[in-house]
Amino acid sequence: MADAHLFDLQQVVRDLADVRQRWRTAQKRSREPGGRELPSRDALGAILDGLRGALFPMRLGPPDLRQESEDFYIGHTLDATLHALLGQVRLELRYQHRHAGGADEAATEQQARELVRDFAHSLPRLRGLLDSDVVAAYEGDPAARSVDEVLLCYPGIQAMIHHRVAHRFYQLGVPLLARIVAELAHGATGIDIHPGASIGAGFFIDHGTGVVIGETAVIGQRVRVYQAVTLGAKRFPTDENGHLSKGLARHPVVEDDVVIYAGATVLGRVTIGRGATIGGNLWITHDVAAGANLSQARSREVTASP
């Protein structure tokens, strides 16, 4: 290292090694065998690029692709992308097994192959769901001039491509891969959807910045939300040791055909009934009846009533 003495790098390296060792000791980590232990954000980003191109080849694939070559391109792209995904799945499954007491390598390999095969067979269904999201955005936004504009330009669609993939990973038992995919979209769009959230067909996020959807949220079909909407938890129960309880249903259920306008916050395991409209900047912690139309004035009246 040229001029390493200028910054006293040897001492910095030693100090960093000490910090890493303290962390590994505190976390009961042994020395990481054979190189990298965890999946890679960069690798997952490249995998998502490949999946986007395979799902929408003539819009999100290479600029020189011709329609008569679509199937060849998709086959070639999926071959490379799914093999890359297999490598990342292996890393997560090995990580899971190490922390759960171990599993033999042959069983891990078989599990990884079956998982990626199941994911590959999910792709036609994911494409169908994403088509419904694109149509919902086009039909729900008077500024949209074409479905192609929606697919190429709308951050809500980019977030939903990631979410549909991430949610499938979550279902298949690789939650770390799912969370990385979700956070890639969060960083790019400002839309934060936990991969555990269940979202029906025809979901439209207009504008999108600041939208937050929690892990156990359940969203029906043809739902539309605007920027800065939060579907969050009201409280975080703890166990007898004071640790946060995991996996509890703590986020809203939003039924079909609901509209939630900008800045609204819906907290807790409440139900927003079918066809309801939630006005902007409302704070909702109670069930809302099907077909209800809540505005700030009406919300104040409900709160003030005995």
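What volume does the largest cavity have? The largest cavity has a volume of about 50 Å³. The structure described here is a predicted model, in which local features need pLDDT of at least 70 and side-chain atom pairs count only at pLDDT 80 or more, while totals for chains, interfaces and linings use all residues. Residues are numbered from 1 along each chain as its sequence is written, and side-chain values use heavy atoms, with hydrogens and water left out.

## Cavities

The structure holds two cavities of 30 Å³ or more. A cavity is a set of points, on a 1 Å grid over the protein atoms alone, where a 1.4 Å probe fits but cannot get out; lining residues have an atom within 4 Å of a point. A volume is the space filled by probe spheres set on the points.

Ala-159, His-162, His-163, Ala-182, Ala-185, His-186, Ile-191 and Ile-193 line the largest cavity. Two elements, α7 (155-172) and α8 (175-189), each give two or more residues to this lining. Helices (H or I, at least four residues) and strands (E, at least two) are DSSP runs, numbered from the N terminus. By class, the lining has five nonpolar, three polar and no charged residues. Here Ala, Val, Leu, Ile, Met, Phe, Trp, Tyr, Cys and Pro count as nonpolar, Asp, Glu, Lys and Arg as charged, and the others, Gly among them, as polar.

The second largest cavity contains about 30 Å³ of space. Its lining consists of Ala-137, Gly-156, Ile-157, Met-160, Phe-203, Phe-204 and Ile-205. Both α7 and β3 (204-205) give two or more residues to it, and α7 gives the most, with three residues. Six residues of this lining are nonpolar, one is polar and none is charged.

## Helix packing around α8

Helix α8 also packs against α4 (residues 70-99) and against α2 (residues 41-55). Axes are lines fitted to C-alpha atoms, for helices over the stretch in contact, and angles run from 0 to 180 degrees between N-to-C directions.

| Helix pair | Angle | Axis separation |
|---|---|---|
| α4 and α8 | about 125° | 9 Å |
| α2 and α8 | about 75° | 10 Å |

The angle makes α4 oblique to α8, whereas α2 is roughly perpendicular to α8. Angles under 35 degrees count as roughly parallel, over 145 as roughly antiparallel, 65 to 115 as roughly perpendicular and the rest as oblique.

Contact means heavy atoms within 4.5 Å. Leu-85, Gln-88, Val-89, Glu-92 and Gln-96 of α4 meet Pro-175, Leu-176 and Leu-177 of α8; this contact comprises five nonpolar, two polar and one charged residues. In the other pair, Arg-41, Leu-44, Gly-45 and Leu-48 of α2 touch Leu-177, Ile-180, Val-181, Glu-183 and Leu-184 of α8. The contact of α2 with α8 has six nonpolar, one polar and two charged residues.

## Sheets

Two strands pair if DSSP finds at least two bridges between them. Five strands form an open sheet with parallel pairing, in the order β1-β4-β7-β10-β13. Since β1 (192-193) and β13 (283-284) stand at the edges, each with a single partner strand, one side of each is left without a neighbour in the sheet. Within this sheet, β7 (residues 230-232) and β10 (residues 265-267) run parallel and are joined by three bridges. Thr-230 has Thr-265 as its bridge partner in β10.

Another open sheet, of four strands, has the order β2-β5-β8-β11, again with parallel pairing. Its edge strands, β2 (198-199) and β11 (271-272), each pair on one side only. Two bridges link β5 (residues 218-219) with the parallel strand β8 (residues 253-254), and Ile-219 stands opposite Val-254 in β8.

Notes
On a 1 Å grid over the protein atoms alone, a cavity is a set of points where a 1.4 Å probe fits but cannot get out, and a pocket is an open set with protein on both sides within 12 Å along at least five of seven lines; lining residues have an atom within 4 Å of a point.
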